[in-house]
Amino acid sequence: FAGRQVVRRVEYVPLDRGGKTLELNTLTYFKGGLVGKTFSTRRRWETASDGAFYSDENSRQLYGRRCEQSVESRVCPPPITTDQEVVTKLQQTDAGVVGSVRILGFLNPNDALFFAAGQKAVTVS
């Protein structure tokens, strides 16, 4: 964003799932009227026998333009939905901690190729 501040504010969205998800879901209000909602849908982690730490987190993000159809003359566009998984590996070495992060992108049911993808990642970065 070329060094510019684009976020107005961020709020946590409490969802009642046994009191464990209070800080896992957020609303992000961007300048210009865009709103993003992020749901953490799964978190897992483990420490392997070699001492490496592995974790993955799945999230769904919805981005939409804030508009009130009763006030505005145009129809509000549908939100953009993204599904992703962040996979992390951290390993303690003599030189410090080394690690890797991979972001896996998935299609969602709104995409025509969703079923063809077979719930497999379609992008990796």
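The largest pocket of this predicted model has a volume of about 200 Å³, where a pocket is an open set of points on a 1 Å grid over the protein atoms alone, at which a 1.4 Å probe fits and which has protein on both sides within 12 Å along at least five of seven lines; the volume is the space filled by probe spheres set on the points, which are joined across faces, edges and corners. Lining residues, defined by an atom within 4 Å of a point, number 14, and those closest to the pocket centre are Arg60, Asp83, Phe106, Leu107 and Phe114. Two or more residues of the lining come from each of β4, β5 (80–93) and α1 (114–117), with β4 giving the most, namely three residues. Helices (H or I, at least four residues) and strands (E, at least two) are DSSP runs numbered from the N terminus.

Residues are numbered from 1 along each chain as its sequence is written. Local features need pLDDT of at least 70 and side-chain atom pairs count only at pLDDT 80 or more, whereas totals for chains, interfaces and linings use all residues, and side-chain values use heavy atoms, with hydrogens and water left out.

Phe114, one of the residues closest to the pocket centre, also takes part in an aromatic pair, of which the count is one (ring centres of Phe, Tyr or Trp, the last by its six-membered ring, within 6.5 Å; planes under 30 degrees apart stacked, over 60 edge-to-face, the rest tilted). The ring centres of Phe114 and Phe115 lie 5.0 Å apart with the planes at 80 degrees, so the pair is edge-to-face. Phe114 is buried, with a relative accessible area of 17%, while Phe115 is exposed at 73% (buried under 20%, exposed over 50%, partly exposed in between, with a 1.4 Å probe and protein chains only).

The strands form an open sheet of seven, in the order β1-β2-β3-β4-β5-β6-β7, with antiparallel pairing (at least two DSSP bridges between two strands). Because β1 (7–12) and β7 (123–124) stand at the edges with a single partner strand each, one side of each is left without a neighbour in the sheet. Strand β3 (residues 34–47) is joined to β4 (residues 53–65) by 13 bridges, and Arg44 has Asp56 in β4 as its bridge partner. Within β2 (residues 25–30) lies Thr26, which is buried with a relative accessible area of 17%; beyond its neighbours within four places in sequence, Thr26 is in contact (heavy atoms within 4.5 Å) with residues including Val10, Tyr12, Gly36 and Thr38.
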